[in-house]
Amino acid sequence: MDKEQYENYQSYQLNDFILDESFQQWAQGYASPFWDHFVEAFPEKENAIKEAKLLVSVLSVPETPLSWQKKEQQLNAIYSKVEARQKKGKTIKMPTRWAYAAAVSALLVLSVSVYYFFYIMPFQYYETAYQQNETFVLDDGTEVVLNANSELKVSRDLETKEVREVWLEGEAYFKVTKIKQEGESSSFVVHTPNLDVQVLGTHFNVRSRDGNTRVLLEEGSVKIASVETNEDILMIPGEAVEFNVEEGQIRKEIVSEPKELAWQQNFFVFENQTLGKVAEEIYQYYGIELVFEDEAMRDYIFTAEVSRDNLQLLKTLMEEAFQIDIEPDGHQLIIKRK
């Protein structure tokens, strides 16, 4: 690692990290090898970075971002209140370490308050970790089964909305409850990066990962609105609509046996799938990356039905099917020819 590239950041303090745009993006989850390695290069900055990440996260806006000039104003207001509080209590002299801790605590409390009143109130958030499925019932009675490694953002007071809106990253199965507002049926919309799924009351599955979105309808009717192509598509039960980011277009197909819903019973069902697709499923569920020593092995065709609780069995089936070795290496599985 070359420390010279961090030369301009060596003098960074808490405020500098918070106001640095690339740091803000990294603190909000965007990939940045630069910041990933920064702590390793300057471990003495670790505490300041942790506090700055926390403050950036509470000052971040999920849906309608304020400018960072506005956030800086909010932060300065917080600092002013902390300073005023310190001046007011100056007859009690505290050790520097405790004074700093008190200031940080006050700063965090005020920051959380700002975050709560500005950003948390409009939405509720549901999320799952790797290897975790969860079922939620929303305020309007709609049932949502969230697959592993997924997140759903939901408008508060959903049952009173003329249009009930949720935003999905990952995969979920919806059983939407029909409700009426002033005699009119209230629509339910699932937003993904490239498709909006609009329904009144129905059962369907939405998978939105890596820029691709696929909708499978089991019951009722659905209208798909493409954010990318401005197309509107009506679906009937047994149909699937998919937007592929590489192709830049929408495809519709008939699905006679919806095996892609097996995740709800905690099963992997692979039918003539490439090992590349199998690798994607393993990563999405376990957070484990499959590394192919020979990229040609990604195109091997694989068929199996395996419980998601039994990764060892899945590895054994792939090894025996293709005469390969799959060896663990940290958070990776290395696939080698025998």
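How are helix 7 and helix 8 oriented to each other, roughly parallel or roughly antiparallel? Keep that in mind while you set up the view. The model is predicted.

**The whole chain**

Start with everything shown as a cartoon. The protein has 338 residues, and 41% of them are buried. Colour by secondary structure and you will find eight helices and 20 strands. Now think about contacts. Among those with a separation of 6 or more, 53% join residues 24 or more positions apart.

**Stop 1: helix 7 and helix 8**

Select residues 275-286 for helix 7 and residues 311-322 for helix 8. Look at the two axes. They are 13 Å apart, and the packing angle is about 165°. An angle over 145 degrees counts as roughly antiparallel, so helix 7 and helix 8 are roughly antiparallel to each other. The crossing of the two helices is left-handed.

Now show side chains. From helix 7, pick Leu275, Val278, Ile282 and Tyr286. From helix 8, pick Leu311, Leu314, Met318 and Phe322, which the helix 7 group meets.

**Stop 2**

Phe268 belongs to strand 16 (residues 267-274), while Tyr286 is part of helix 7. Both Phe268 and Tyr286 are buried. Their ring centres lie 6.2 Å apart with the planes at 50°, so this pair is tilted. The two residues are 18 residues apart in sequence, so the pair ties those parts together.

How many aromatic pairs does the structure hold? There are 26. For another of them, select Phe174 and Phe204. Here the ring centres are 5.2 Å apart and the planes meet at 15°, so the pair is stacked. Phe174 sits in strand 5 (residues 163-175) and Phe204 in strand 10 (residues 203-209). The pair links distant parts of the chain, 30 residues apart. Phe174 and Phe204 are both buried.

**Stop 2: Phe243**

Move to strand 14 (residues 239-244) and centre on Phe243. Is Phe243 buried or exposed? Its relative accessibility is 2%, so Phe243 counts as buried. Show what surrounds this residue. Leaving out residues up to four places away in sequence, Phe243 touches Asn194, Leu195, Gly211, Asn212, Thr213, Glu228, Gly248, Gln249 and Ile250. Take Glu228 from that list and draw a C-alpha to C-alpha distance. The value for Phe243 and Glu228 is 9.0 Å, across 15 residues of sequence.

**Stop 3**

Select Asp210 first. This residue is in the loop between strand 10 and strand 11 (212-219).

Then select Asn272. Where does Asn272 lie? Its place is in strand 16. Asn272 is not a glycine, yet its phi is positive at about 55°. With a relative accessible area of 55%, Asn272 is exposed.

Conventions: Residues numbered from 1 in each chain as written. Predicted model: local features only at pLDDT ≥ 70, side-chain atom pairs only at ≥ 80, totals over all residues. Heavy atoms only, no water. Axes fitted to C-alpha atoms, helices over the stretch in contact; angles between N-to-C directions. Helix = DSSP H or I, 4+ residues; strand = E, 2+ residues; numbered from the N terminus. Parallel < 35°, antiparallel > 145°, perpendicular 65-115°, else oblique. Left-handed = near helix turned anticlockwise from the far one by under 90°. Contact = heavy atoms within 4.5 Å. Phe/Tyr/Trp six-rings, centres within 6.5 Å; stacked < 30°, edge-to-face > 60°. Buried < 20%, exposed > 50% of the residue type's maximum accessible area, 1.4 Å probe, protein only.
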